[in-house]
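Let's take a friendly walk through a protein model. Have a look at the structure below, and then we will visit its pockets and its packed helices.

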Amino acid sequence: MYPLITCFGEVLWDVLPTSRQAGGAPMNVAADLRNFGVNAQIISRVGDDELGVEMVQFLASKGLPTNLVQIGRTHLTGVAKANISDANEVTYKIVQPVAWDYIQPDPQLTETVRQSDLFVYGSLAARSPMTRDTLLDLLQVARRKVFDVNLRAPHYERTLIEELLHQADIAKLNEHELIELSEWYGYEPNLHRAMEQLRDRYQLDMLCVTLGEAGAVLLDSSGFTTQSGFEIDVEDTIGSGDAFLAAFLYKMTQQESPSQILEFACATGAYVATQRGATPAFTEETISSVILNTADE
Ligand SMILES: OC[C@H]1O[C@](O)(CO)[C@@H](O)[C@@H]1O
């Protein structure tokens, strides 16, 4: 079951017009890692309410430990209203403040992060002072840090994103986020060049940019690796980027080559987009058959 991967941040319910699905980027990453048999866990907080009970049950059903999910009496379990446009772009109205805005420091959290091989965090969790402070403390003891940039307007500020980038060893963002960061720094609109400049600015070991249906690009010490997208029928893209990251980290910890990592990650992101919600059940075999079926065409 090694390595140990600890994710930190929001757990919430994504409310769609006709259904409610468990979500929250770091939780999605942890649940998807569990699909691959990785020893993954999530640090978060829910409210002492019905939705909190259901969330804890959901985490347990995914094989995730629930002892790192705090239960608070002051705030409700998180909820996000998701809207999907005709072009499959999802926008979220992420209710605030909720329980995961109040993740409290705790020696047990510090210890588990200290022992983790990878620590995964995003920017949304840092929107409120308490969870932000807990995150910054945990980053002090984390060994290898993976920043899933995940910009969710209006819940972030440039200075905070920069602080979180400074902490990261590995960063993943999508093409729109790269454009936004490039505008901050006046980078020319050239994907490879902007990636190199961002990698150098924050001394990242790995920088990965997802390109939606066009695939993804990875920049690491071996240079650039590119993977084109898998053709699929989209159900909804919620959690697709999170699944990409989970698959990426899974293959990375298995020491696979950059091109194998990227192919597997793109196939996993594509598969999740064919399913409803952020955390469908799948296995490594499911993803391998996505890759094989595409190769046949
Ligand atoms: O975490 C913020 C939002 O992003 C998602 O994780 C998808 O990437 C949703 O499940 C959640 O509402």
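Asp117, Leu118, Arg144, Met206, Leu218, Asp220, Met252, Thr253, Gln255, Glu256, Pro258 and Ile261 line the second largest pocket of this predicted model. A pocket here is an open set of points on a 1 Å grid over the protein atoms alone, where a 1.4 Å probe fits, with protein on both sides within 12 Å along at least five of seven lines; lining residues have an atom within 4 Å of a point. Two or more of these lining residues come from each of β12 (216–220), α8 and α9. Helices (H or I, at least four residues) and strands (E, at least two) are DSSP runs, numbered from the N terminus.

Two notes on the source: residues are numbered from 1 along each chain as its sequence is written, and side-chain values use heavy atoms, with hydrogens and water left out. In this predicted model, local features need pLDDT of at least 70 and side-chain atom pairs count only at pLDDT 80 or more, while totals for chains, interfaces and linings use all residues.

Now for the largest pocket, which has 49 lining residues; Glu89, Asn174, Thr237, Ser240 and Gly241 lie nearest its centre. Among the elements that give two or more residues to this lining are β2 (12–16), α1 (25–35), α8 (240–253) and α9 (258–273).

A volume is the space filled by probe spheres set on the points, which are joined across faces, edges and corners. Ala, Val, Leu, Ile, Met, Phe, Trp, Tyr, Cys and Pro count as nonpolar, Asp, Glu, Lys and Arg as charged, and the others, Gly among them, as polar.

| Pocket | Volume | Lining by class |
|---|---|---|
| Largest pocket | about 1,300 Å³ | 20 nonpolar, 17 polar and 12 charged residues |
| Second largest pocket | about 180 Å³ | 6 nonpolar, 2 polar and 4 charged residues |

Next come the helices. How do α6 and α7 (residues 191–201) cross? Their axes (lines fitted to C-alpha atoms over the stretch in contact, with angles from 0 to 180 degrees between N-to-C directions) come within 11 Å and cross at roughly 70°. That makes α6 roughly perpendicular to α7, a word for angles of 65 to 115 degrees. Leu178, Leu181, Ser182 and Tyr185 in α6 meet Leu191, Ala194, Met195, Leu198 and Arg201 in α7, where contact means heavy atoms within 4.5 Å. By class, this contact has 7 nonpolar, 1 polar and 1 charged residues.

Helix α5 (residues 158–167) also packs on α6, at an angle of about 105° and with the axes 12 Å apart. These two helices are therefore roughly perpendicular to each other. Arg158, Ile161, Glu162 and Leu165 of α5 touch Leu181, Trp184 and Tyr185 of α6.

Note on methods. Parallel < 35°, antiparallel > 145°, perpendicular 65-115°, else oblique.
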